[in-house]
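Subject: Structure for you to look at, with notes

Dear colleague,

Please keep the viewer and the sequence side by side, as the notes move from one residue to the elements around it.

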Amino acid sequence: MSNAKKTTAQKILGSRIAELRKAKNLTQAELSELIGITPTTLTNIELGKRFLSAPTLDKIKKALNVNYKDLFKDYSNIANAETDYSKAKEALENLYKFHPDLIPAAKMFLELLDR
C-alpha cells in the first residue's frame, strides 16, 4: 500500500476520533488517561501521524461510548461527499490491508458499502 493511501486512512480515522472526543467534551489528556496512552500518542493518532492498534481502537471506542460504525462513519461519507462509491470502498480496503488487526471492522464496513 502506498504511503499516501496509508496516510489518508490514518487521517480520516484520526479526525473522526478527535471529532467524537470533542463531542464528549473530553480533552486529549483526559481521553489518553482513560485509554492508557500518552497525550502525545493521542495527538499523533488524531493528526493521522500514527496508526493505532486494534486494542487501542477498542479502548477508544469504549471510552467514547461509541460503536465501530460511529468510528468509521467518515469512510462511508467519502462516497456521499464525493458521490464516488469506489473511493469509499478503496479507503476501507486500504485500511483492511494496512492494519490486519482491524480486519473484522473493515470487513463489516465493506459489507455495508456493498449493500
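Leaving aside residues up to four places away in sequence, K61 touches V66, N67, Y68 and L71. Please bear in mind that this is a predicted model. K61 is found in helix α4, and because its relative accessible area is 16%, under the 20% cut-off, K61 counts as buried.

Which residues of α4 are buried? In this helix, which covers residues 54-64, they are A54, T56, L57, I60, K61 and L64. When you look down the axis of α4, these buried residues fall within an arc of 160°, and so they line one face of the helix. After α4 comes N65, whose phi is positive, near 55°.

The next thing to find is the place where α4 meets another helix. As a general point, two packed helices are described by the angle between their axes and by the distance between those axes. Here the axes of helix α2, residues 28-35, and of α4 come within 9 Å and cross at roughly 115°, and the crossing is right-handed. On the α2 side the contact is made by L31, L34 and I35, while α4 brings T56, K59, I60, A63 and L64. Sorted by class, the contact of α2 with α4 has six nonpolar residues, one polar residue and one charged residue.

Finally, please turn to α3, where the buried residues are T41, L42, I45 and E46. Seen down the axis of α3, these residues fall within an arc of 135°, so they too line one face of their helix. Just after α3, G48 takes a positive phi of about 80°.

Key
Residues numbered from 1 in each chain as written. Predicted model: local features only at pLDDT ≥ 70, side-chain atom pairs only at ≥ 80, totals over all residues. Heavy atoms only, no water. Buried < 20%, exposed > 50% of the residue type's maximum accessible area, 1.4 Å probe, protein only. Helix = DSSP H or I, 4+ residues; strand = E, 2+ residues; numbered from the N terminus. Arc of directions from axis to C-beta. Axes fitted to C-alpha atoms, helices over the stretch in contact; angles between N-to-C directions. Left-handed = near helix turned anticlockwise from the far one by under 90°. Contact = heavy atoms within 4.5 Å. Nonpolar A, V, L, I, M, F, W, Y, C, P; charged D, E, K, R; others polar.
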